[in-house]
Amino acid sequence: MPLSWNEIRDRSVAFVRDWEDESSEHAEAKSFWDAFFQVFGVSRRRLAAFEKHVKKANGKDGFIDLFWPGMLLAEHKSRGKSLDSAYDQATDYFPGLSDKELPRFIIVSDFARFRVRNLDTGESIEFPLAQLPEKLTLFGFVAGYETREYKEQDPVNVRAAQKLAELHDALKDVGYEGHELEIYLVRILFCLFADDTGIFMPRSAFEDFIRIRTSDDGSDLAPWINLVFQTLNTPPEKRLKNLDEQVSAFPYVNGRLFSEHLPQASFDKNMREILLACCELDWGGISPAIFGSLFQGIMDANVRRNLGAHYTSEKNIQKVIGPLFLDGLWAEFERIKTQRKKLMAFHERLGKLNFLDPACGCGNFLVISYREIRLLELAVIKQLHGKAQQQLSMDVIDQYVKVDVDQFHGIEIEEWPAQIARVAMWLIDHQMNMLVGETFGEALVRIPLKKSANVVHGNALTMDWASVVPAEKCDYLLGNPPFLGKKEQSQAQKNDFSHAMVGIPHKGILDFVSAWYVKAVRYIGDNDTACALVSTNSITQGEQVGALWSWMLNQGISITFAHRTFRWSNEARGVAAVHCVIVGFSKHGSAGTIFDYDHVNGDPISIGVSQINPYLVEADNVLLENRRSPICAISPLVYGSFALDGGFLTLQAEDVEQILAESPGAQKFIRKFIGGKELIRSEDRWCLWLEDATPSEIRTLSAVRHRVDKVQSWRRARDRAATRELANTPSIFAEIRQPTSHYLAFPTVSSIRRRYIPIAMLAPDTIASNQLYVLPNATLYDFGVVMSEMHMAWVRSVGGRLKSDYRYSAGIVYNNFPWPVDATDKDKAAIESAAQGVLDARAKFTHSSLADLYDPLSMPSTLLKAHQKLDKAVDKAYVSTGGRRNWPTEAQRVAFLFELHQKIKSSLP
């Protein structure tokens, strides 16, 4: 059983501290690598040897610093020495190794830096020693973990998009705008792409035509372009017999791209130069998968400064399409590729698959899916019809290619992205045809266009998806619907949402994306369509789970795969990162894989499972209810006290000074008053706590009497009758729930960056506001359990979110948490001792706030070690109920907690 990632990370922090000042290769290199392997709980001696003797490329003897046959070769240098020379030295050993011994990874280091190269993928990364805790998943193979890597696409040619933006602005400035401008630029884009990819012959025919045949001042450019557009839309047999020869050379394109009549634009000298500058760029290398969204972005001046912020990165698209269909299809190909009849049937099936993206935007998901299916088909064609070097005629190749763009369908609410999606599909189709041509020796150009992607401009929440493609013909439904919470929706969106969610109980608490889940289920009916949608993680946490998934499960839906919470973003400037999940689901599928993340920015670790519940763990389909009381025999959690005072009983520092200056006797009624913000940041706030004050004390202390009078006036002026009633008791808080003994204070919201929610043990003279949960009469044992990794894993999985931060709740999180009910007295004593250790470690840093102490970058090592000891004590207390001392992944830890939850709940009356 490998160490948990939390344990590995803790060990890595200690490793960094131990080795941050070392510099001598000869004195300490072996100790360094022994310690490195221990970070992952592995003995170096079991896997790797020092000074492996080999013959180098030059025939001389060599000695590999560290060698793990078939897996790892490491070369070590003294601090400051060149890592390039170390890497060259490492590769010099390869001729002396057998094929079986060749490593998957090369690591070079000089104590201060690591460089890691994955020879399977070609990826190389270099980072300083201090970043090792953040880069641990690179070394998952040492501990026995296999990580699933998703690569980003090649960088987009932003310069190309910027040039088109210039042309867009210039045309708009002269009054050519709106729908006509959008279509005009799409046509220009197609011509630029066709010029560089063999659609137009000879190459650069469009550029040459503009450069040679149009005037320098641009005055005749627009009519010539219109004539080219008209020609591209006219079959050769219907063209005028005296048509200009250079214009007539342009092919018939069809596909409706050039069919709409557009008013003629107008160009000047500068605009002509901009268009020629666009022509000079190489458009053949533009990725249709991401250029469409960039092109959409240039149309909006408000978002142009963040050019590139609006595409879905290929890395994230691969996380959807891989487990949804691509992995399975490739696996099937590998199984049957030597069985000709089965392979031919498989090829036929590829040509009949249908895909639907009901929120397709510029078509990113459709484009990548099409490209990947075409790459698979190319492998099939090679297997069926000969080696890559075998030259075939274009007619034969055309017969072999069965996959086409009309198998791909989309719905997009805005017209412009829908246009871009159609063109992007044509572009990727041509790129794939070029690849087929390169493979078999002759170009394949599907011109004129006979088919196009079926991208419908419409409102997915109000239209019938079956009108786009019938559900019985749809094999895969996928996409990335809009990320909007309840409060971010416009009135039109709220209306659309209500239309789609008719008949769904408690729909008012659900995020916008839920409507696509509901529509998808209603659309697929009893068909075998497999679905996968990207969502904000809110629909798998907190109160939204019951509201959405109770209905989904009742429709017979099961979750087939899931990516647990990860960061959905790309590398563009200004991109707001969102914490997302991916949920695969269907009516007739079975669970396959959970992809868990050690860190939201990391690569996923795949876990084979037999069941996935709506919280995305391997457990029964449990929907946690919002309970009024805990399932275990523990004290209830309640909110702190609620002032409802207009700000007259709650005080800032200057208020305290003013009161004491006027009425020194009020000192005994001034108490520290804290909510979540004050608790975490150690900010000062006070209140007048007059619950035990006598009437005469309130009357004689003029500053107190003045504030009580203000409270009464404020409450009387409120609209709510209940608040006006409270004006009869103006000296006390509206709701008093202050404990009379030591209590635990839970912030209701805490940053997701923190490994632990900073819960505090407070004395009864500190007044807790309703921005805190309080656990009265709390013990060290209570504190230890709720501050443990076990409890935090539960919070991360079932708790709600405020933006991306943890939102703690009594009803769902605390009251459903399964405590270690079979813990022995010895277990409890160990937890109490470790809990006191955490409090003692905090106490050493009296001038640091809980925010400082629990920031992952500044958390003191003594506090971290105290928490590690507490985590082990709490984990041990669960062993008697089926738990483990070490959990490989958080998903498995939470799956155990769900199992225990069900066991405890089943024993309740």
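Leaving aside its neighbours within four places in sequence, which residues is F898 in contact with? I opened the notebook with that one, keeping in mind that this is a predicted model.

**Entry 1: F898 and the cores.** I looked up F898 and listed its contacts beyond four places in sequence: N613, Y615, V617, A619, V622, L624, W794 and V798. I then checked where F898 sits among the nonpolar residues. The largest nonpolar core has 122 residues, and F898 is among those with the most contacts inside it, along with W465, Y517 and F585. I also found a second, separate core, this one of 55 residues, which includes Y184, F200, F229 and F250.

**Entry 2: a sheet.** Next I traced an open sheet of four strands, and its order reads β17-β19-β18-β23 with mixed pairing. At the edges I noted β17 (650-651) and β23 (767-768), each of which pairs on one side only. I then turned to β18 (residues 670-674) and β19 (residues 686-688), and found them paired in the antiparallel sense over three bridges.

**Entry 3: R707.** Is this arginine, R707, buried or exposed? I placed R707 in helix α24 (residues 702-716) first. Its relative accessible area is 11%, and the cut-off for buried is under 20%, so R707 counts as buried. Setting aside neighbours within four places in sequence, I found R707 in contact with G647, F648, L651, D655, I659 and L688.

Methods. Residues numbered from 1 in each chain as written. Predicted model: local features only at pLDDT ≥ 70, side-chain atom pairs only at ≥ 80, totals over all residues. Heavy atoms only, no water. Pairing = 2+ DSSP bridges. Helix = DSSP H or I, 4+ residues; strand = E, 2+ residues; numbered from the N terminus. Buried < 20%, exposed > 50% of the residue type's maximum accessible area, 1.4 Å probe, protein only. Contact = heavy atoms within 4.5 Å. Core = buried A, V, L, I, M, F, W, Y, C linked by side-chain atoms within 4.5 Å.
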